[in-house]
Amino acid sequence: MARYIFILILALFLLLVYNGCRVDIIEPNNPAGNKNSPVKEGKENYFKIAINADRLTTEMNFDTYFSSEQNMISLKVNDKQSGSCTLKIISTENKVLYSTIIEISEINVRQRINQGIPNKVRLICDNFTGKIKLELNKSYF
């Protein structure tokens, strides 16, 4: 009987130690991950990028894989502290489908894009500090 009680107490102790030492894992699409390293996800008719920028000055270009002209953009910016960032979505014909300059601290945009097929996403950051999350996907409406 004492042996079973000992095993039970040991199992509870190990469970408490395991849960107490557990490090929370940051999800891949969470912009709270590594600073200045974009987390990107892309597949046919879907593109998503999140970046937690800290005084970032760079130009980033990402290919997208779209076949639809009817698309939806969702752009969220928060915790912006400094600098600016220009976002452009460019079509297969090198036409700018969407463009914005991020200069304010909170942005929450959801908008249709239907003038062409998205081919590239370009982010041009100038000493930008803040969190950006962009999602572009095919619109079914």
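## Getting started

Helices (H or I, at least four residues) and strands (E, at least two) are DSSP runs, numbered from the N terminus. Keep in mind that this is a predicted model: local features need pLDDT of at least 70, side-chain atom pairs count only at pLDDT 80 or more, and totals for chains, interfaces and linings use all residues. Residues are numbered from 1 along each chain as its sequence is written, and side-chain values use heavy atoms, with hydrogens and water left out.

## How confident is the model?

The score to look at is pLDDT, the predictor's confidence in each residue, from 0 to 100. Averaged over the protein, pLDDT comes to 85, and 86% of the residues score at least 70.

One stretch to treat with care is residues 21–29, where pLDDT stays under 50. For that stretch the model has seven contacts beyond four places in sequence, a contact being heavy atoms within 4.5 Å. Where pLDDT is low, the predicted coordinates should not be read in detail.

Let's go to helix H1, which covers residues 2–21 and includes Phe6. Phe6 counts as exposed because its relative accessibility is 55%; the scale runs from buried (under 20% relative accessible area) through partly exposed (in between) to exposed (over 50%), with a 1.4 Å probe and protein chains only.

Gln70 sits in the loop between strand S2 (46–63) and strand S3 (71–91). With 34% relative accessibility, Gln70 is partly exposed. Leaving aside residues up to four places away in sequence, Gln70 touches Arg112, Ile113, Asn114, Lys138 and Ser139. Gln70 and Ser139 are 69 residues apart along the chain, yet 5.3 Å separates their C-alpha atoms.

Ser91 belongs to strand S3, and it is buried, with a relative accessible area of 1%. Beyond four places in sequence, Ser91 is in contact with Leu97, Ile117, Pro118 and Asn119.

## Salt bridges

Side chains of opposite charge can pair when their charged atoms come close. The structure holds four salt bridges, each being a side-chain nitrogen of Lys or Arg within 4 Å of a carboxyl oxygen of Asp or Glu. One of them pairs Arg55 with Asp54 at 3.8 Å, N to O. Arg55 is exposed at 59% relative accessibility, whereas Asp54 is partly exposed at 26%.

Another links Arg122 and Glu59, whose closest N and O atoms are 3.5 Å apart. Arg122 is in strand S6 (residues 118–138) and Glu59 in strand S2, so this pair ties together parts 63 residues apart in sequence. Then there is Asp79 with Lys131, also a salt bridge, at 3.5 Å from N to O. Here Asp79 is in strand S3 and Lys131 in strand S6, so the parts tied together are 52 residues apart in sequence. Asp79 is partly exposed at 41%, and Lys131 is partly exposed at 22%.
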